[in-house]
Amino acid sequence: MSTLTRGATDGRTETTPVRRLRGLAWLVVRQHRTALIACAVAVVLGAAWIAYRRGAMLDTLHGAGWPAKPPAEVDGNLLNAVVNDLNSVGSSLAFLPMLLGVFLGAPLISADLENGTARLVTTQSVSRTRWLVWKVGFALVLAAVTTGVLGLFYAWWWRSAGPFAPNDWLNSPVFEATGPTGVATALFTTSLGIVAGALLRRTVVSMAGTFLVSGVALVAAEMFRPLLDSPRRLAYPVGAERPALLDHVVVVDEWYGTASGKLYGWGTCAHDSSPEGCRSALGIVDRVADHYVKDQMTGMQWTAAAAFTVLAAALVGALLWRARRRAL
């Protein structure tokens, strides 16, 4: 807050506070300053911690001889430590949207309904819809900035790991925490919490409901993640050495294949007394691997983000539509 100094009529000087924010902007920031400060602290500390862990990782890898040594010659225990460190921090960031939905979204409206602030505000000159737009907009922008900044720092760390980063990006926290996915997920969970608070009208109940529903939604999204794009297929002769490419991609399924392209499950003839003869009788000549390459991650993230953004827009739109027709 800045101050304006002017001369008083009796020769003294007095200071008159001048607010940089006015109207609803000042009211919303003032009312939710605790959430604003908490998110700012989380961003600063989280970014500092990620920068520290990235520096420690690079120092350790350089001390082990990388990049002068190829990754295959670096100690395997060191590789596991890098992967575990990345996944540990990434899991925390992947959980952040749910926390924002519970502690930022759910109390946003329900707390005002419980303490009577909503009724007081709607008796003033400001319309109910305009008040809601400001509050919802504040929460969504705060959620997006918090997850977006931390996601950028985590992506920076993950890229720095180079060949030591986990190959299974499809099932690792990097898919949820980086790019547009983390931001869109936070928009969805926060919107879900806001709507739950407006409908349930009790803060604790709304927080519990948001936690349960958002948890189910995120688990379902993870299960349907492979459907965001079609896997690529690689066939190689039965008995041939497994291609090195498959060690650096996300393999989601493996088959046996015939010359005509017919596929059999990986366990075909496994319990036969002569598995090789059984497969030969079926005409099996190839092993087939369905996999995703790292180049597909960005497109799949944008597809997932679009779905979450549409859900968030539908929730917010339904809330504003309801507010126009009846009191909260």
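**Walking through the model**

Reply: Start with Trp49 and Tyr52. Both lie in helix 2 (residues 33-63), 3 residues apart, about one turn of the helix. Helices here are DSSP runs of H or I with at least four residues, strands are runs of E with at least two, and both are numbered from the N terminus.

Me: Before we go on, what kind of model is this?

Reply: This is a predicted model, where local features need pLDDT of at least 70 and side-chain atom pairs count only at pLDDT 80 or more, while totals for chains, interfaces and linings use all residues. Residues are numbered from 1 along each chain as its sequence is written, and side-chain values use heavy atoms, leaving out hydrogens and water.

Me: OK, back to Trp49 and Tyr52. How far apart are the ring centres?

Reply: The centres are 5.5 Å apart and the planes stand at 35°, so the pair is tilted. Rings of Phe, Tyr and Trp (its six-membered ring) pair if their centres lie within 6.5 Å; planes under 30 degrees apart are stacked, over 60 edge-to-face, and the rest tilted.

Me: Is Trp49 buried or partly exposed?

Reply: Trp49 is partly exposed, at 45% relative accessibility. Buried means under 20% relative accessible area, exposed means over 50%, and partly exposed is in between (1.4 Å probe, protein chains only).

Me: How many aromatic pairs are there?

Reply: The structure holds 6. Another one is Tyr154 with Trp157, which is edge-to-face: 6.0 Å between centres, 90° between planes. These two both sit in helix 5, 3 residues apart, about one turn of the helix. Tyr154 is buried at 1%. Trp157 is buried as well, at 0%.

Me: Which helix does helix 5 cross?

Reply: Helix 5 (residues 128-160) meets helix 7 (residues 179-200), with axes that come within 8 Å and cross at roughly 150°. The axes are lines fitted to C-alpha atoms, for helices over the stretch in contact, and angles run from 0 to 180 degrees between N-to-C directions. The crossing is right-handed.

Me: Which residues make the contact?

Reply: On helix 5 they include Val136, Ala139 and Leu140. On helix 7 they include Gly182, Val183 and Thr190. Contact means heavy atoms within 4.5 Å.

Me: And by class?

Reply: The contact of helix 5 with helix 7 has 9 nonpolar, 5 polar and no charged residues. Ala, Val, Leu, Ile, Met, Phe, Trp, Tyr, Cys and Pro count as nonpolar, Asp, Glu, Lys and Arg as charged, and the others, Gly among them, as polar.

Me: Tell me about Thr190. Buried or exposed?

Reply: Buried, with a relative accessible area of 0%. Thr190 lies in helix 7. Not counting residues up to four places away in sequence, Thr190 touches Leu100, Gly101, Leu104, Gly105, Ala139, Leu140 and Ala143.

Me: New topic. What about the sheet?

Reply: 4 strands form an open sheet in the order 3-6-4-5, with antiparallel pairing. Strand 3 (232-237) and strand 5 (263-265) are at the edges, each with a single partner strand, so one side of each has no neighbour in the sheet. The twist averages 40° from one strand to the next. Two strands pair if DSSP finds at least two bridges between them.

Me: How many bridges join each pair?

Reply: Strand 3 and strand 6 (residues 284-292) are joined by 6 bridges, and Tyr236 stands opposite Arg287 in strand 6. Strand 4 (residues 250-258) pairs with strand 6 over 8 bridges, with Val251 opposite His291. Strand 4 and strand 5 share 3 bridges. There, Trp255 stands opposite Gly265.

Me: Which residues have a positive phi without being glycine?

Reply: Arg201 is one of them, at about 65°. Most residues other than glycine have a negative phi. Arg201 is in the loop between helix 7 and helix 8 (203-223), and is partly exposed at 31%. Cys269 also has a positive phi, near 65°. Cys269 is in the loop between strand 5 and helix 9 (275-281) and is buried at 11%.

Me: And the whole chain?

Reply: The chain has 10 helices and 6 strands. Buried residues make up 41% of its 328 residues.

Conventions. A crossing is left-handed if the near helix is turned anticlockwise from the far one by less than a right angle, and right-handed if clockwise.
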